[in-house]
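Subject: Structure handed over, with notes on what was found

Dear colleague,

Please find below the structure I promised to pass on to you.

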Amino acid sequence: MSDLENFINALPKAELHLHLEGSLEPELMMELATKNSIELPYKTVDEIRTAYDFSNLQDFLDIYYQGMNVLQSEEDFYALTMAYLEKVAQEGVVHVEVFYDPQGHTSRGVSFSEVTNGILRALDDGQERLGVSSELIMSFLRHLSEEEAFATLNEAEPWFDGRIVGVGLDSSELGHPPSKFLRVFNAAREMGLKLVAHAGEEGPAEYVREAIDLLQIDRLDHGNRTIEDAELTKQVANLGIALTVCPLSNLKLCGVSDMKEHPLKEMMAAGLNVTVNSDDPAYFGGYMTANFISVVEALSLSKTEIAKLCHNSIEGSFLTDEEKAPHINRIADILAQH
Ligand code: HPA
Ligand code: ZN
């Protein structure tokens with residue numbers, strides 16, 4: 001293992017932007033397809049990997065929704081979630097706040113409770129067995145209607161006793177601005193939930209402004225295009241909310257043509273609380289450490305900058321100050337030793 005990889009793995013980190021369905025590795029996809037008698041348009045794991053060549057977000061989403069068809073039972077969601085936790089526990093990830101897309105499953109006849117309970121059981125076991133703490137965030141598919149989002153919010157209410165801590169907004173961004181979900185987010189806030197939303201991944205800075213000003217989100221997912229608007233950048237920096245940036249995702253979905261052109265360093269320099277995350281690691285070619293290495297090497301980030309990104313991830317999480325403190329202290333100690 002390289003010095004850089006050792007350093008990154010040693011630092012405590014939180015993953016704040018991870019779609020569980022996007023951690024479905026081709027091997028598990030094949031296994032579940034066979035078990036559940038689901039026909040896939042691929043014969044081998046290699047064929048699946050070859051199909052992962054995307055030009056934009058929608059290209060990826062088409063394959064991502066097809067892939068999740070193999071997830072049928074509570075056990076399948078348990079296996080998916082546990083496989084993810086086992087991977088990241090080896091990379092120094094101490095806390096995760098993961099997304100899932102219940103509408104991608106209920107629309108196929110898999111019940112909300114089977115999906116959610118399978119995930120939650122794995123998160124509980126992951127905390128106990130691997131020492132990775134976690135929170136669960138339910139995302140609304142923004143290409144669907146406000147009415148469908150409300151139906152999902154209402155169905156999820158029994159889990160708002162601390163098991164589902166927040167709601168998010170994902171799927172096709174262009175043409176589906178945050179304002180479309182203003183009333184749903186207001187209702188979620190009144191139910192005591194945390195609010196996050198994807199904005200400024202492919203969509204313009206104006207969508208980031210809507211997510212901030214209208215939805216009043218607690219955290220911004222991606223947010224790369226924020227820096228196209230200087231005034232908005234100042235506003236987001238002053239608010240101090242975290243941005244969950246996903247370098248390999250941006251490269252694979254052609255948000256940047258080369259990692260050397262990634263805006264992460266510029267975003268940090270503008271005072272934004274940037275974090276590094278993996279988004280859909282099975283589709284984009286890497287988990288947390290791979291995302292760090294790709295951007296650190298391309299942008300020549302210093303050890304101080306790497307530690308700052310880890311610090312931001314702990315600070316930007318929904319952990320309490322007491323829960324954050326030991327991780328924050330360890331990051332400072334490790335940096336001091338290097
Ligand atoms: N963007 C939007 N929706 C998504 C993504 C993403 O990167 N991954 C899974 N759903
Ligand atoms: Zn995402």
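This is a predicted model: local features need pLDDT of at least 70, side-chain atom pairs count only at pLDDT 80 or more; totals for chains, interfaces and linings use all residues.

Residues are numbered from 1 along each chain as its sequence is written, chains are lettered from A and ligands numbered from 1 in the order in which they are written, and side-chain values use heavy atoms, with hydrogens and water left out.

**The ligand site**

Which residues are around ligand 1? They are His19, Leu57, Phe60, Leu61, Tyr64, Asp170, Ser171, His198, Glu201, His222, Asp279 and Asp280 (a residue is near a molecule if one of its heavy atoms lies within 4 Å of it). By class, this shell divides into 4 nonpolar, 4 polar and 4 charged residues; here Ala, Val, Leu, Ile, Met, Phe, Trp, Tyr, Cys and Pro count as nonpolar, Asp, Glu, Lys and Arg as charged, and the others, Gly among them, as polar. Helix α4, residues 57-67, gives the most to the shell, with 4 residues (helices are DSSP runs of H or I with at least four residues, strands are runs of E with at least two, and both are numbered from the N terminus).

Polar contacts to ligand 1 are pairs of N or O atoms within 3.5 Å. A polar side-chain atom of Asp280 lies 2.7 Å from a nitrogen atom of the ligand. For Ser171, a backbone N or O atom lies 2.8 Å from a ligand nitrogen. An N or O atom in the side chain of Glu201 is 2.9 Å from a nitrogen atom of the ligand. The protein covers 100% of the 260 Å² of accessible area that ligand 1 has on its own (Shrake-Rupley method, 1.4 Å probe).

Where does ligand 1 sit? It sits in the largest cavity. A cavity is a set of points, on a 1 Å grid over the protein atoms alone, where a 1.4 Å probe fits but cannot get out, and a molecule sits in it if more than half of its atoms lie within 2 Å of its grid points.

**Residues with positive phi**

Most residues other than glycine have a negative phi. His222, one of the residues around ligand 1, has a positive phi near 70°. This histidine is placed in strand β6 and counts as buried because its relative accessibility is 0% (buried means under 20% relative accessible area, exposed over 50%, partly exposed in between, with a 1.4 Å probe and protein chains only). Gln216 also has a positive phi, near 55°. Gln216 is found in the loop between α10 (205-213) and β6 (219-222), and it counts as partly exposed because its relative accessibility is 46%.

**Residues apart in sequence**

Arg189, in helix α9 (residues 182-190), is 27 residues from Gln216 along the chain, and their C-alpha atoms are separated by 9.3 Å. With 30% relative accessibility, Arg189 is partly exposed.

Arg225 is in the loop between β6 and α11 (230-239) and is partly exposed, at 25%. Its C-alpha atom is 7.8 Å from that of Glu202, 23 residues away along the chain.

Glu305 belongs to helix α16 (residues 303-315) and is partly exposed, at 23%. Glu305 and Lys265 are 40 residues apart in sequence and 9.0 Å apart from C-alpha to C-alpha.

Phe112, in helix α7 (residues 112-130), is buried, with 2% relative accessibility. Phe112 and Pro102 are 10 residues apart in sequence, with 6.4 Å between their C-alpha atoms.

With kind regards

Definitions and conventions
A polar contact is a pair of N or O atoms within 3.5 Å; within protein, one must be able to donate a hydrogen and the other to accept it, and residues adjacent in sequence count only if both atoms are side-chain atoms. On a 1 Å grid over the protein atoms alone, a cavity is a set of points where a 1.4 Å probe fits but cannot get out, and a pocket is an open set with protein on both sides within 12 Å along at least five of seven lines; lining residues have an atom within 4 Å of a point.
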